[in-house]
Amino acid sequence: MLNKRSYATLPTKIEKLGRLSKSLKGPEIYIKRDDQTGIEFSGNKIRKLEYLMEEAFGKGADALITCGAIQSNHCRATAALGAKLGIPVYLILKENREPEMIGNYLLDHLFGATIKRISESDYQHRRKELLEDLANQLINQGKTPYIIPEGASNGLGCFGYSDVIKEIQEQEKSLGFSFDAVVVPTGSGSTLGGLILGKVMYDYPGEIIGFNIAADAKTFQHRISLILKEAVTYIDSTPPDAHHPRFVPENITIIDGYVGEGYGKSRAVEWDFLQHIARSEGILLDPVYTGKALYGLTEEIKKGTFNNAQRILFIHTGGVFGLIPPSDLPR
Ligand SMILES: *Cc1c(COP(=O)(O)O)cnc(C)c1O
């Protein structure tokens with residue numbers, strides 16, 4: 001099997017959202033606290049980085065390069081990890097305007113990352129080239145850089161979340177029941193992709209369902225299908241067929257309709273929901289990913305989409321530092 005490094009605090013616990021479940025009169029909702037993978041690492045990206053770092057060190061890497069939005073949780077987790085390991089981290093961050101020194105961006109600085117800010121249009125069209133330019137500069141300085149893709153979302157990153165299926169199966173044994181569905185926000189794809197891979201690899205009976213928090217479901221179905229095809233190439237012994245029916249875009253379940261105003265933008269209804277969960281459950285969601293996805297899940301439960309499910313597990317993928325720059329939140 002593939003090797004990984006061990007950085008995250010695992011396994012993350014599973015808790016019941018008792019008051020939310022009761023008020024919806026639907027299935028019981030549980031939450032898996034991947035926001036508690038570690039304060040500095042907090043969130044889902046560190047599970048993927050455990051696999052990518054094994055490859056990076058295998059290639060002799062002594063510098064990390066990655067990219068994302070200005071408030072990227074992934075970039076912050078990478079910056080924290082680099083500081084922990086004593087490896088310089090270079091971030092290419094997307095933002096047109098001079099950013100405020102808050103939230104994840106502030107933490108990137110605290111962790112000592114070298115930051116290059118580029119425009120949204122450069123990010124969209126020239127990102128790959130800019131990442132490679134930066135890598136070449138470092139190579140010329142005698143370094144061995146390792147490029148981590150946006151969100152650590154490649155085939156290798158998937159294994160961080162196929163492992164989560166194994167972790168859930170263990171936890172189901174001690175809980176004495178199983179979940180009918182595992183629900184997660186999807187942003188760059190490999191968290192949902194990894195869960196689907198895990199479902200296939202470990203014969204997990206529960207449904208895997210994503211809520212997209214940017215773009216649209218179709219875009220993610222295609223992206224995730226490609227990530228999964230790449231993921232199976234890493235499995236030596238009897239890998240699932242790259243054309244497994246679960247890996248076909250049409251069979252990747254993503255519920256659309258909860259992007260709201262767009263990536264990273266909040267509406268009053270989403271903020272109210274986030275506040276409601278904070279007050280009724282004592283749990284902080286983040287405005288960009290988990291707030292929208294759990295809001296979507298509750299709306300779908302009200303519509304009856306989950307009438308056949310008894311228990312649902314929502315994965316809290318982190319992002320709490322996104323609450324610290326609430327500058328554009330309708331409070
Ligand atoms: C990145 C991220 C996601 C989305 O995970 P992907 O694997 O990129 O789809 C969800 N929640 C939080 C808090 C994130 O930072």
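**View 1. Buried residues of helix H10 in the predicted model.** The residues of H10 that count as buried are Thr-290, Gly-291, Lys-292, Ala-293, Leu-294, Tyr-295, Gly-296, Leu-297, Thr-298, Glu-300 and Ile-301. The helix is therefore described as mostly covered, with 11 of its 14 residues buried. H10 runs over residues 290-303 and reaches 20 Å from its first C-alpha to its last. This span is close to the 20 Å expected at 1.5 Å a residue. Just after the helix, Gly-304 has a positive phi of about 95°.

View 2. An α-helix has 3.6 residues a turn, so residues three or four places apart point the same way. Lys-302 is exposed, with a relative accessible area of 56%. Glu-299 has a relative accessible area of 22% and is partly exposed.

**View 3. Salt bridge between Arg-47 and Asp-34.** The side chains of Arg-47 and Asp-34 meet at 2.8 Å, N to O. Arg-47 belongs to helix H2, while Asp-34 sits in the loop between strand E2 (28-32) and H2, so the pair ties together parts that are 13 residues apart in sequence. Arg-47 counts as buried at 2% relative accessibility. Asp-34 also counts as buried, at 0% relative accessibility.

**View 4. Salt bridge between Arg-5 and Glu-54.** The side chains of Arg-5 and Glu-54 meet at 3.0 Å, N to O. This pair links distant parts of the chain, 49 residues apart: Arg-5 lies in the segment before strand E1 (14-16), and Glu-54 lies in helix H2 (residues 45-58). Arg-5 is partly exposed, its relative accessible area being 31%. Glu-54 counts as partly exposed at 25% relative accessibility.

**View 5. Network of salt bridges involving Lys-13, Glu-15, Arg-33 and Asp-35.** Side chains of opposite charge can pair when their charged atoms come close. Here, salt bridges link Lys-13, Glu-15, Arg-33 and Asp-35 in a network. Across the whole structure, the search finds 20 salt bridges.

How values were computed. Residues numbered from 1 in each chain as written. Predicted model: local features only at pLDDT ≥ 70, side-chain atom pairs only at ≥ 80, totals over all residues. Heavy atoms only, no water. Helix = DSSP H or I, 4+ residues; strand = E, 2+ residues; numbered from the N terminus. Expected span 1.5 Å × (residues − 1). Buried < 20%, exposed > 50% of the residue type's maximum accessible area, 1.4 Å probe, protein only. Salt bridge = Lys/Arg side-chain N within 4 Å of Asp/Glu carboxyl O.
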